[in-house]
Amino acid sequence: MIHGPIANACLLQSSIILWISLALIPVCQAEELTYYLPGGASYSEKITAPADALGFEIGTRHIQHHELVAYARKIDEQSDRVQLVQYAQSHGRRPLVMMLISSEKNLRQLEKIRQQHLQLAQPDRSQAVDVQPLPAVIWMGYGVHGNEPSASNAAPLVMYHLAAAQGKEIDQLLDQTVVLLDPCLNPDGFDRFAQWANAHRGYVPNSDPQHREHREGSPTGRTNYYWFDLNRDWLPLQHPESLGRLALYHQWLPNVVLDFHEMGTDASYFFQPGVPTRMHPLTPTKNLELTREFAKEHTRQLDQLGALYFTEERFDDFYMGKGSTYPDLHGAVGILFEQASARGIKQESTNGLLTFAYAIRNQVTTSMTSLKATAIHREALHVHKRDFYRDAVALARNSKTAGYLFSAGKDSARADAFIDLLRRHGIRTHALTADIDCQGRRYSKSNSYFVPTEQAEYRFLEAMVEARTEFADKVFYDVTAWTFPMAYALQWDKVSSDAAASFSAASIGPVIEEPIAQGEVPAWQADDYAYLVDWTSHYAPRTLARLLENDIRVKVAMRPFTSSSDQGETKFEPGTLLIPLGIQTVPKERVRELLSAAAKENAALVTSASTGLTPAGVDLGSSSFITVPKPKVLLLVGSGVEDSEAGEIWYQLDHHLRMPVTLLESTQLGAAKLDDVTTIVMVSGTYNQVSEAGVERLQSWLKRGGTLIAIGTASKWLIAKQITSMKVRTSTADPDTNRKPERANYADAEDQAALEKIEGTIFEVQVDRTHPVGFGFQSVKLPIFRDQALYLEPSANIYSTPAIYSPQPLLSGYASENNQKLAAGSAAALVKAEGAGRVIAMTNNPNFRCFWLGSQRLLTNSLFFGPIVREP
């Protein structure tokens, strides 16, 4: 036995170690596995339980993504029921993994099972599949919104149960199903939120809703690295997470897809069906019948737990680009789950104390009831898939539409992007071998394409291209239109079956399997005078950004002209880029190197000019060619700013244009150094945290010559702060002051208010193609996307409204008559001089979710040419 100072020191050291260990243990109830998992199950000791691998019990802290993936890999190593694959990497370089879980017997013949599932979606071969012994495939997707944490925190418990549970019940379930378990669809947002929640929790968990743990800062973890909502990216496919996920989806075409989410703390638990009147019209009724069968299993188990829940209200299945709706038009059953969120470890709610553990348990519970329902209805799910695709082809054959012709004119990059999107969704596109006339328009075989309706994905094709303006139910949870030919600003015509018979089948060429975008470069000549870049190409702005970054002096044409070279004469429109070789400070070889790369990588259309004298229009040395300044762009973000819109701008500049953009917190505007900033972008938001010093600094910078781009509701703030004198349009007629108010039912108030919202609708605007903001558009008419009801009066200066809404603006989606009247003749893009600077305001978001390629040029034109715009 040790005595004296040494013993006292050892005692002190032991006390410190014990104190540190206790300090790391939160004062909150740690639930046992039996709280979460089905009763009566025993578990293999060969499989490590979550708490033993993580070092804490699920529900006592927020698991981080690397811990989640490490546990999935450990399960993969330990279990014969599991195969792990990585299918993508996020922008933040985090892996996205999928666990394939089934019986050992099924895993040994996994490829055979997969091929049989794909065969069910092939109408000419599906009848040969024996569905009786075929396992059903269920896809469990957790946490597409990173700050809805009970989803991905439930995943370790589900994977543990499926890998380690013993007994007849689990053996039967895994014999009858193949589980594709994605533990986290949004790694970057998930880690952003986990860091926030773990950093702001205390030793003693705080349930006060005002506590910082429950009030996440901006940007939230809901979105991905670039602040995009990945649950809306199943259809447009703009991000690596979605691209990888969809590729894997089409490798399997699962029968059932689960989509786990959270909602407000004062809610309860939702599972589908959603509002029956808001299903997409192309979704077969069998989908709803099967969804209701699944709901019976959820109801049975949640009733036993005494959990509150609801169904068939609030949420709908109309927009087909979400995790729970995309499967519905692919012969599967998609099911949305929404759990009231504790955000932190626990939080007070109108239903009492809501704990993180409770939220996780509900998600685990419905994961298990969904698996059980999949096994029970396995054959019915197979028959549904087979009938879905067989009926789709029959519908196509009986349709009055044989297919669709489309062209992007000279812009092969935009056409290529659309063809690639269709291909990723399993839809084939054909080249033309002869010119075709349709609806009074010529479709040239050199740049036009045909999409036949007679293909297995007929329903999804129709959903992608339809333009619908009439709806049985006019209240929506999400967007009401997404017509892709309009989004890509394509020349697009429906080909009737009768019309298709009038042109030869030989006019339709092979299926396009490879990218078709091609640039053009001239044969470089020693005596070349200048080079011209066509601004209509989709990636021309990226070319300009790279030229300016490399200190190439570039001018832009303000008027049309014709240029001559050894190749002949070529006509050019306003917006054409001019690179005169005689005024460059960099070698000619470097200019040619950059232009060659632009043609190869970005499909740039480059032409040489052998002289500055033109056969028609302005000469190349004319003052009608204005030097394009190198932009330095600042984007306001943070408090009071719409994260998703700001993220779309950031992504467009950083990822697509490959140019730097400074992200400045709106609260720091008052102290910002703006002297070398050429352009400031403000997206929708309240900007309620901008100080008076920030307002003054912005106003001063603007009057000294800055270009301020205001998108969406940013204009309202600028008007309120008297930074600009634009006018908001609020009414199309004088109010009737003598009209007596009518009584209405209280219960209808929410729906009536929703009828005047613009949730996502496509309108037509008319573009002034001679204005710098309108450069590069091939048509005067432009479909644009609107998701809010702000309208601006046109400028009093008749030259300063480069985009104006058409008299009959509605193209696709829902808009009340009042909103249609307000939009007609209002400004879509408006320029207002303020001192030596200018405000360029756009009521719509021209860069919506970065897939609205048709109107993106309104933004890029404003970025590059805004500083040269003058108000005549």
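Modeller: Let's start with a definition: helices (H or I, at least four residues) and strands (E, at least two) are DSSP runs, numbered from the N terminus. This is a predicted model, so local features need pLDDT of at least 70 and side-chain atom pairs count only at pLDDT 80 or more, while totals for chains, interfaces and linings use all residues. Residues are numbered from 1 along each chain as its sequence is written, and side-chain values use heavy atoms, with hydrogens and water left out.

Colleague: Okay, how do I read a salt bridge, and how many salt bridges does the count come to?

Modeller: The general idea is that side chains of opposite charge can pair when their charged atoms come close. The rule asks for a side-chain nitrogen of Lys or Arg within 4 Å of a carboxyl oxygen of Asp or Glu. Here the count comes to 33 salt bridges. Take R590 and E593: their closest N and O atoms are 2.8 Å apart.

Colleague: Why are R590 and E593 separated by about one helical turn?

Modeller: Because they sit 3 residues apart in helix α19 (residues 588-602).

Colleague: Are R590 and E593 buried, partly exposed or exposed?

Modeller: Buried means under 20% relative accessible area, exposed means over 50%, and partly exposed is in between (1.4 Å probe, protein chains only). R590 has 26% relative accessibility, so it counts as partly exposed. E593 counts as partly exposed too, at 48%. For another case, look at D437 and R442, whose side chains meet in a salt bridge at 2.4 Å, N to O; D437 is exposed, and so is R442.

Colleague: Which residue forms a salt bridge with E793?

Modeller: That's R729, with the closest N and O atoms 3.1 Å apart. E793 lies in the loop between β32 and β33 (803-812), and R729 in the loop between α22 (714-720) and α23 (749-754), so the pair ties together parts that are 64 residues apart in sequence. E793 is partly exposed at 27%, whereas R729 is buried at 14%. Salt bridges can also share partners: E148, R222, D229, R232, D478 and R849 are joined into one network that way.

Colleague: What about R786, which is buried yet has no salt bridge?

Modeller: For charge, Lys and Arg count as positive and Asp and Glu as negative, while His and the chain ends are not counted. The nearest side chain of opposite charge to R786 is D787, and that one is 7.0 Å away. R786 itself belongs to strand β32 (residues 781-786). Its side chain reaches the backbone oxygen of Q788 at 2.9 Å and the backbone oxygen of L790 at 2.4 Å. Contact means heavy atoms within 4.5 Å. Leaving aside neighbours within four places in sequence, R786 has contacts including I758, F763, Y805 and N844.

Colleague: And how do I read paired strands? Which strands pair with β7?

Modeller: Two strands pair if DSSP finds at least two bridges between them. Strand β4 (residues 136-142) runs parallel to β7, joined by 5 bridges, and M140 stands opposite L258 in β7. Strand β9 (residues 333-340) also pairs with β7 in the parallel sense, over 8 bridges. There, D259 stands opposite L336.

Colleague: How many residues of β7 are buried?

Modeller: In β7 (residues 256-263), 8 of its 8 residues are buried. Both faces are covered: V256, L258, F260 and E262 lie on one side, with V257, D259, H261 and M263 on the other.

Key:
A polar contact is a pair of N or O atoms within 3.5 Å; within protein, one must be able to donate a hydrogen and the other to accept it, and residues adjacent in sequence count only if both atoms are side-chain atoms.
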